[in-house]
Amino acid sequence: MEQVSNIQSLAQGPTVNAPAFDTAFMLSQMQVSTWTARKKDKAASAKVARDSGASAKAGNYNKNLLAGCTELEDLKKFVGNARNTHYAMTLPWSDMGLRLIPTSEYFDYLNVMTDLEQEFHRLYQLFEDAYQWRTSTAMAELGNMFDHSEYPPVDELRRKFRWRIVFSEVPRRGDPRLDLPAEALEVVKQQYDEFYSENIEAAMNDIWTRLHKNLSTVLRQLSPKDELDAKGNQKYNKLYDSVFDTSLELIRMMRRFNITGDTQMTAIADQLEDALYGVNTDALKNSETLRLDKQQQVKDIISKLPSLDL
């Protein structure tokens, strides 16, 4: 069977079959900004240092211009969660914020990002509607530290909140089209090839790192505690559906984001799917035998993961 063959290949080490990478994948960059509503108060910082007998370089006092503004806090929390969704659906490509997605995942990704963008604008509007009132209540919160000039007018405020997703092609690997002498061109080509290879390796390692972290959590939740309950029965760690949902999502990612066609990754995905598919936390809670069986299977999978100095 194909699945058995894939799993057996683990003992032989990974085999890499590279697909047409630059056409099978594309790049996405998430450009989202918000207003922090925080400001250094120089006078307050100097007073704190003076009253404490400390150097002016010892610290700063930063004001929260809209303390208690739940509309802004909700918006900032949402942006943080949206970034996490973006990261979960993509792989790293460069330090400039570019992330990889398979072209086959483009529409799913676009739909998710479009829904998030609409929610971003909805939350921003709630904040803008409350902005003038929140500014007036800030006077009571800040007392003598309140400075009306630190609160931008609404038209300027809007420009501080931005949502944009930019898509681009993965640059083709090959000769760069530059007007350079042959020797210099060869150096540039070699440097770009190294950059290309390093980024592909980093993207693949990101999947392995996510998987190792998730399966370590799964293993811990499946494992028994070093204690018994009042009736003398073995106690176990609490199980969370979200952790097992992440495992299933990582199976999908190992199949869709396998940039190099790594057969080791395919075999691990097959083995993990065989171990977890159809299993739910209720069944695990009600069957100690099932729980210990899955614990051993997950432990075996972890032992086969590549060593990444984790």
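Reply: Helices α4 and α5 run roughly antiparallel to each other, because angles over 145 degrees count as roughly antiparallel and theirs is about 165°. This is a predicted model, in which local features need pLDDT of at least 70 and side-chain atom pairs count only at pLDDT 80 or more, while totals for chains, interfaces and linings use all residues. Residues are numbered from 1 along each chain as its sequence is written, and side-chain values use heavy atoms, with hydrogens and water left out.

Helix α4 covers residues 70-88 and helix α5 residues 106-142, and their axes lie 8 Å apart. An axis here is a line fitted to C-alpha atoms over the stretch in contact, and angles run from 0 to 180 degrees between N-to-C directions. Helices are DSSP runs of H or I with at least four residues, strands are runs of E with at least two, and both are numbered from the N terminus.

The crossing of α4 over α5 is left-handed, that is, the near helix is turned anticlockwise from the far one by less than a right angle. On the α4 side, the residues in contact (heavy atoms within 4.5 Å) include Leu72, Leu75, Phe78, Val79 and Ala82. Their partners in α5 include Val112, Met113, Leu116, Phe120, Leu123 and Phe127. Glu71 and Asp74 of α4 also take part, as do Glu119 and Arg134 of α5. By class, the contact has 15 nonpolar, three polar and four charged residues. Ala, Val, Leu, Ile, Met, Phe, Trp, Tyr, Cys and Pro count as nonpolar, Asp, Glu, Lys and Arg as charged, and the others, Gly among them, as polar.

Another pair, α9 (residues 263-276) and α11 (residues 288-303), crosses at roughly 170°, with axes that come within 10 Å. Helices α9 and α11 are therefore roughly antiparallel too. Ile268, Gln271, Leu272, Asp274 and Ala275 of α9 meet Lys294, Gln297 and Ile301 of α11, a contact made up of four nonpolar, two polar and two charged residues.

As for the chain as a whole, it holds 11 helices and eight strands. Of its 310 residues, 35% count as buried, meaning under 20% relative accessible area with a 1.4 Å probe, protein chains only. Among contacts between residues at least 6 apart in sequence, 75% join residues at least 24 apart.

How values were computed: Parallel < 35°, antiparallel > 145°, perpendicular 65-115°, else oblique. Buried < 20%, exposed > 50% of the residue type's maximum accessible area, 1.4 Å probe, protein only.
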